[in-house]
Amino acid sequence: MHVFKMRIKTQGSIKKTQLLCAFVLEDSNKITGLPKFDTKTSSSINQSLKDMRGKLGKLTIIPISGKKQAQRILLAGIGKKENLTNDTIRFVSGKIAQKARELQLKEFSIIIPPTFVSDSISSISQIIEGSKMSLYKFEKFKTEKTNKSPDLTIIVSKSDKISKAVKVAEAVAEGAIFTKSIANLPPNECTPTTLANFAKDISKKNKMKCTIISQPELKKKGFGGITAVGKGSKNEPKLIVMEHNHGSKTQKPIVLVGKAVTFDTGGISLKPGQGMDEMKFDKCGGCTVLGIMKSVSELKLPINVVGIIPSVENMPGGEAYRPGDIIKMYNGKTAEILNTDAEGRLILADALAYGEKQYTPKAIIDFATLTGACIIALGNNVAAIVSNNEQLTKKITNSSKTTTEEIWELPLTQDYMDMIKSDVADIKNVGIGRAAGTITAAAFLKSAIKDTPWVHVDIAGVAWTQGAATKEKPYNPKGATGFGVRLILDYLQKL
Ligand code: BES
Ligand code: ZN
Ligand code: ZN
């Protein structure tokens, strides 16, 4: 993977940097944090400031001659003060970092913005997340790689108390990058076994307990959903379980569940060919959980967290499950299969029931690229959430405001539960026609758990960039976005 080093320095100690970057508000006539330059240099900086006017996302570079603290100054517009959002510094830092790489620099420095823009701890997180994530590029399979990523120095006014914030922000950004890097893998290079190996790797490095449940045992233990979906592929299903135990023994854990269909052909209810390649991203929920577990364990958060990833490949092989089949799920309920392309809810329901039974958790949160209907409802910039608990929903919504991973709640009343009742089994794996597809899928998940507080996050629209419908952000270059990693890490840190 690419290299990126981070340093923190205080204002007085700027020695020599190839690019010194400062954020400027729209129509502002001063720049905070720049060192003193001679009159000539200062007047050319002021002229550039007048020209660029601090428009959001605008970058202006001013070459500096002579032996100065910086070879160039970069002024980065952050727009009007009243329009500043939580994402502004992340967004603009990403642009700056990509500019520095384009210029083939070895390093660049960013002056932390004034506190009326963002408090210094948030600024640091946003600069690190924005620039780190923007410098990630999926080029494992490219013979020629882009330039090495430049190192970043953040210039702060006082350096006390921020080293922890730096450590956290780096681990968070690295978690998201890790998620992207495995989610981007092609389906021939990433099977359930590959994901299990990634889980083993991070668990070994960070001392987590890691259990992989394989095919014969899955069948024996009654994971009817995972077994049914996995049957059509030569690549056998796996149930991946990671345990981070850094809380007290009596503290109930948070259970995170993620759908990891390494490729979703639809099975016997085969999907159309157009765009089917994108179904390599049907493992994104599981990759999100892997990324979160990596960061949680690296940061040694003082809590108990369990990550559960049901992983299968949904293929139409000779032994594939069929529409019409009736299967018995892990919780004992029977399910009628009406569409083999509605496979995610089957493997998730097993994993949710297992998580609840095995760990009696404080809360369960699941991530899944579950329904195309979610994209119809909310598009590609907002994820759907469905929950059985207001308090938990509030907390996740709060974190979403901090991390700018946007979510919107859909209702789940008894009427929707009724829509998945089957004539021949307890429940069926599709609702009534296409109506409320995201909610009826969530209804299936809800039927798998008893009363544990639960939030389901449908990331079908947001887990990877989907053309022009996805809002362009420098920290989300083409491909997987790592949606959910920063969100849940924020929630877990606030516990
Ligand atoms: N993985 C898909 C959902 C999906 C589709 C995610 C497009 C992202 C983009 C899921 O397994 C699926 O195929 N769901 C079906 C359910 C239907 C058959 C009830 C869908 O959404 O069409
Ligand atoms: Zn499907
Ligand atoms: Zn799927």
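Helices (H or I, at least four residues) and strands (E, at least two) are DSSP runs, numbered from the N terminus. The model shown in these views is predicted: local features need pLDDT of at least 70, side-chain atom pairs count only at pLDDT 80 or more, and totals for chains, interfaces and linings use all residues. Residues are numbered from 1 along each chain as its sequence is written, chains are lettered from A and ligands numbered from 1 in the order in which they are written, and side-chain values use heavy atoms, with hydrogens and water left out.

**View 1. A positive surface patch that includes Arg7.** Lys5, Arg7, Lys9, Lys15, Lys106 and Lys148 form the patch. Patches are made of residues with over 30% relative accessible area and no salt bridge, like charges being joined within 9 Å and nonpolar side chains (Val, Leu, Ile, Met, Phe, Trp, Tyr) within 5 Å. Lys and Arg count as positive and Asp and Glu as negative, whereas His and the chain ends are not counted; the place of a charge is taken as NZ of Lys, CZ of Arg, CG of Asp or CD of Glu. Accessible areas come from the Shrake-Rupley method with a 1.4 Å probe, and for residues only the protein chains shown count as cover. Arg7 belongs to strand β1 (residues 6–10). Its relative accessibility is 37%, so Arg7 counts as partly exposed (buried means under 20% relative accessible area, exposed over 50%, partly exposed in between; 1.4 Å probe, protein chains only).

**View 2. Positive phi values at Asp27 and Thr360.** Asp27, a residue other than glycine, has a positive phi near 60°. Asp27 sits in the loop between β2 (20–24) and α1 (39–52) and is partly exposed, at a relative accessible area of 48%. Thr360, also not a glycine, has a positive phi of about 35°. The loop between α9 (344–359) and β14 (363–368) holds Thr360, which counts as exposed at 51% relative accessibility.

**View 3. Strand β18 and its pairing with β14 and β15.** Five of the five residues of β18 (residues 454–458) are buried. Trp454, His456 and Asp458 lie on one side and Val455 and Val457 on the other, and both faces are covered. Two strands pair if DSSP finds at least two bridges between them. The pairing of β14 with β18 is parallel, over five bridges, whereas that of β15 (residues 383–387) with β18 is antiparallel, over four bridges. Asp458 is the bridge partner of Ala368 and also of Ala384.

**View 4. Salt bridges of Arg90, Lys99 and Glu170.** The structure holds 21 salt bridges, each being a side-chain nitrogen of Lys or Arg within 4 Å of a carboxyl oxygen of Asp or Glu. Arg90 and Asp87 form one of them, with the closest N and O atoms 2.6 Å apart, and both residues are buried. A network of salt bridges links Asp87, Arg90, Glu129, Lys473 and Arg486. In the bridge between Lys99 and Glu102, the closest N and O atoms are 3.3 Å apart. Because Lys99 and Glu102 are three residues apart in helix α2 (residues 88–102), about one helical turn separates them. Lys99 is partly exposed, with a relative accessible area of 24%, while Glu102 counts as exposed at 54% relative accessibility. Glu170 bridges to Lys132, the closest N and O atoms being 3.0 Å apart. Glu170 lies in helix α4 (residues 162–183) and Lys132 in helix α3 (residues 120–135), so this pair ties together parts that are 38 residues apart in sequence. Lys132 is buried, with a relative accessible area of 4%.
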